[in-house]
Amino acid sequence: MDAFPRRVEAGASGVVLRRLEAADWRIELELARVPDVPVWTMYAADMTEEQAKERATRNVASADAGSGIRYVVEERGVPVGTAGFGRGEDGFEVFYALTPEGRGRGVVTASVNALVAWLDAQGVPEVRLSTLDGNAASEAVATRCGFVPTRSGTHVDGRPLTVWRRLAARHQ
């Protein structure tokens, strides 16, 4: 597998994903302050500035180690969220979070499709995406991106979730 790309173009929509660096901690803090982001993601609602800096630093270390990567999602140069993927025991899983300003224009759909396309080009046979039950917006993203629900599970906090799967183009 090639090294994770530092930058991913997400189509003609003006969406670019660039590797999150330690200096990007402000987008982490901003996302933690969006009321619905901590409800549906792993962002802590009570995240402090110091914790946001630590989170960004951990994400850089994860990317350097090749275990996963988080990108700043930019629309026409303006940060509107994060997206990325992590490598687990069962393969790769994509994830994302957007500010309200980044929603409703296909930004996350373009981002997820671009990440899955890169993983596909690396020979990854399938990619997963998990949605907490009741998160209709993320379920719609999963469907638009060609994922299909494969099993139910439990989030680390005990809430039910659905695991979605998308096969690589050559395995469909």
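## Labels and the values behind them

In this predicted model, helix H1 (residues 25–33) packs against helix H3 (residues 49–65) at an angle of about 120°, and their axes lie 8 Å apart.

Q: Which residues of H1 and H3 meet?
A: From H1 come Trp25, Glu28 and Leu29, and they meet Glu49, Ala52, Lys53, Arg55, Ala56 and Asn59 of H3. The residues of this contact of H1 with H3 divide into four nonpolar, one polar and four charged.

Q: What makes the reach of helix H4 close to the expected one?
A: Helix H4 (residues 107–121) has 15 residues, and from its first C-alpha to its last it reaches 21 Å, which is close to the 21 Å expected at 1.5 Å a residue. Just after H4, Gly123 takes a positive phi of about 90°.

Q: How do you know that H4 is mostly covered?
A: Of the 15 residues in H4, 11 are buried, and among them are Val107, Val112, Leu115 and Trp118.

Q: Why is Leu115 called buried?
A: Leu115, which has its place in helix H4, has a relative accessibility of 1%. The cut-off for buried is under 20%, and because 1% lies under that value, Leu115 counts as buried.

Q: What does Leu115 touch, not counting residues up to four places away in sequence?
A: Leu115 touches Leu17, Tyr71, Ala83, Gly84, Phe85 and Val94. Of these, Val94 is 21 residues apart from Leu115 in sequence, yet the two are 7.7 Å apart in space, C-alpha to C-alpha.

Q: What makes Ser138 buried?
A: Ser138, whose place is in helix H5 (residues 136–144), has a relative accessible area of 11%. Since buried means under 20%, the value of 11% puts Ser138 among buried residues, and therefore it is given that label. Leaving aside its neighbours within four places in sequence, Ser138 is in contact with Tyr96 and Thr131.

Definitions and conventions
Residues are numbered from 1 along each chain as its sequence is written. This is a predicted model: local features need pLDDT of at least 70, side-chain atom pairs count only at pLDDT 80 or more; totals for chains, interfaces and linings use all residues. Side-chain values use heavy atoms; hydrogens and water are left out. Helices (H or I, at least four residues) and strands (E, at least two) are DSSP runs, numbered from the N terminus. Buried means under 20% relative accessible area, exposed over 50%, partly exposed in between (1.4 Å probe, protein chains only). Contact means heavy atoms within 4.5 Å. The expected span of a helix is 1.5 Å times one less than its number of residues. Axes are lines fitted to C-alpha atoms, for helices over the stretch in contact, and angles run from 0 to 180 degrees between N-to-C directions. Ala, Val, Leu, Ile, Met, Phe, Trp, Tyr, Cys and Pro count as nonpolar, Asp, Glu, Lys and Arg as charged, and the others, Gly among them, as polar.
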